[in-house]
Structures are given as structure tokens and as C-alpha cells.
Amino acid sequence: MGVIVETEAYGGPEDPASHAATVSGRTKRNAVMFGPSGYAYVYRIYGIHWCMNVVTGLDGQAQAVLIRGLDPLDGEDVMRERRGGRDPIATGPGRLSQAIGVTGALQGHRLTSPPLTLEPGWPLSEQAIRISGRIGVRTAADRPYRFYVHGARGVSRHPVNCYRGPPA
DNA sequence: ACTCCGATTGTT
DNA sequence: ACAATCGGAGTA
């Protein structure tokens, strides 16, 4: 169990960095993104890591949020075990998925039931929430779609091009 | 069928 | 700076 402290937004087909922006639109991989919100869109990256998104858009919009950082609240022992004895603090989408046991088996999983659920957190001050460009993307990297909690341990990086306030 | 390469991470 | 590692996406 933990608190999500870092996310990235990915728009629909109009967002060139999104998996939904394929020439064919909906594909076997991104099909879950095109469905209703509240489901897990899981994909494999570089043939090595699993990454998890939460579908956020209305049915057909293909919008999702990549979960990139988590501050554990409890169960750190289990997370450490899943991570092969390494630091349970899960920074980055790959490590995070490993820590909380996300694999392709959770593709399309509804996040309201075990084994993985998503619940509301609590409000944070405006100052605590920082915004930056997305990490790792080649295209549209300058879009202010990355949101993270200032100073949180689970945040992967504090990039230079961060700024305050809502997205332009 | 075949090539290219990625919303990453760990090592050199 | 680069390797690990593989299936999706694009081209044919």
C-alpha cells in the first residue's frame, strides 16, 4: 500500500507521445486505453519492464495516466521481496510495477477490486504539486503533463524544466 | 516475413 | 555512453 506521488498524463490519438497515436488508432496493445476509465492499461517496455497506466478518459477517448512514483505506506517488506531485496521505494514506472506486483496479467484489470485497487488520497497544497515535461518520451516532451509531489521519496527525478501553476 | 525501436533501468 | 531484451507497429 502506498501513495502515488508521480504521474504523467497521456492524451488520446492527438498526443503524439501516446500509445493511442498509432496510424491504425486502436490496436491489440492499446485497446484498453480506448475503453472506459478505471481500468489498468499495462504494457511492456524494452522487453524488460512492465508499466502501468490508469485509464482516465471517457469510453473511446483513449486517455490515460502513467503511474511513475509511489511512497510506500506499509507492506514495504513485500515490495522489497518483489524487488529482489532491493530498495522498496519504487521510483520510475518499471520499478514501481515490480514493487507492487504489476504484470501483463493485470491488463484490463478494474482498479476497484483485488488484487490491485486505486483509492482517493488527500488534498495537497498548490506548492507541493510540481509540474514538468514528461520523461523518456521523444515527441511532445515539452508538454507539461508530468505531475509530482515536491520532495516525495518516490519521485524519480526532479527535472530542471519544472514550473508552478496549471498546464498552459 | 522482416525491420525498427521504445512512456526503462542498471552498468561502464 | 551503452547494453539488456522482445513484442508491437509499420512496411511489404
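Arg 146 sits in strand 9. This is a predicted model, so keep that in mind throughout. Is Arg 146 buried or exposed? Arg 146 counts as buried, because its relative accessibility is 0%. Which side chain does the side chain of Arg 146 touch through a polar contact? That partner is Glu 6, at 2.8 Å.

Arg 146 also leads us to Glu 8, as the two residues are in contact. Glu 8 belongs to strand 1. Glu 8 is buried too, with a relative accessible area of 0%. Its side chain has a polar contact with the side chain of Tyr 10, and the distance is 2.8 Å.

Keep Tyr 10 in view, and move to the DNA. A polar side-chain atom of Tyr 10 lies 3.3 Å from a sugar or linking oxygen of DNA strand B. His 49 has a side-chain N or O atom 3.1 Å from a base oxygen of DNA strand B. Asn 53 places a polar side-chain atom 2.5 Å from a base nitrogen of DNA strand B. Which elements give two or more residues to the surface near DNA strand B? They are strand 2, strand 3, strand 4 and helix 2. Helix 2 has the largest share, with 3 residues.

Now the whole surroundings of that strand. There are 20 residues around DNA strand B. His 19, Tyr 43, Asn 53, Gly 94 and Arg 95 come nearest. Of the atoms of DNA strand B within 4 Å of the protein, 49% are sugar and phosphate. By class, the surface near DNA strand B splits into 10 nonpolar, 7 polar and 3 charged residues.

On to DNA strand C. Which residues surround DNA strand C? They are Thr 22, Val 23, Ser 24, Thr 27, Arg 29, Tyr 46, Gly 47 and Ile 48. By class, that surface has 3 nonpolar, 4 polar and 1 charged. Sugar or phosphate makes up 71% of the atoms of DNA strand C within 4 Å of the protein, and bases make up the rest.

Take the polar pairs in turn. Val 23 uses a polar backbone atom, 2.8 Å from a phosphate oxygen of DNA strand C. Thr 27 uses a side-chain N or O atom, 2.5 Å from a phosphate oxygen of DNA strand C. Arg 29 has a polar side-chain atom 3.1 Å from a sugar or linking oxygen of DNA strand C.

Which residues of helix 2 are buried? They are Pro 93, Gly 94, Leu 96, Ser 97 and Ala 99. Their cover includes strand 3, strand 4, helix 1 and strand 5. After helix 2 comes Gly 101, with a positive phi near 80°.

Last topic: pockets. Rolling a probe the size of a water molecule over the atoms shows where empty space is left. How much space lies in the largest pocket? About 1,100 Å³. The largest pocket is lined by 37 residues. Gly 2, Val 3, Ile 4, Leu 70 and Leu 118 lie nearest its centre. Several elements each supply at least two lining residues, among them strand 3, strand 4, helix 1 and helix 2. Strand 1 gives the largest share of the lining, 6 residues. By class, the lining has 26 nonpolar, 6 polar and 5 charged residues.

The second largest pocket has a volume of about 660 Å³. It has 29 lining residues, and those closest to its centre are Tyr 43, Ile 45, Ile 135, Gly 136 and Val 137. Tyr 43 is among the residues that come nearest DNA strand B.

Methods:
Residues are numbered from 1 along each chain as its sequence is written. Chains are lettered from A and ligands numbered from 1 in the order in which they are written. This is a predicted model: local features need pLDDT of at least 70, side-chain atom pairs count only at pLDDT 80 or more; totals for chains, interfaces and linings use all residues. Side-chain values use heavy atoms; hydrogens and water are left out. On a 1 Å grid over the protein atoms alone, a cavity is a set of points where a 1.4 Å probe fits but cannot get out, and a pocket is an open set with protein on both sides within 12 Å along at least five of seven lines; lining residues have an atom within 4 Å of a point. Grid points are joined across faces, edges and corners, and a volume is the space filled by probe spheres set on the points. Helices (H or I, at least four residues) and strands (E, at least two) are DSSP runs, numbered from the N terminus. Ala, Val, Leu, Ile, Met, Phe, Trp, Tyr, Cys and Pro count as nonpolar, Asp, Glu, Lys and Arg as charged, and the others, Gly among them, as polar. A residue is near a molecule or strand if one of its heavy atoms lies within 4 Å of it. A polar contact is a pair of N or O atoms within 3.5 Å; within protein, one must be able to donate a hydrogen and the other to accept it, and residues adjacent in sequence count only if both atoms are side-chain atoms. Buried means under 20% relative accessible area, exposed over 50%, partly exposed in between (1.4 Å probe, protein chains only). Contact means heavy atoms within 4.5 Å. Lists of a residue's contacts leave out its neighbours within four places in sequence.
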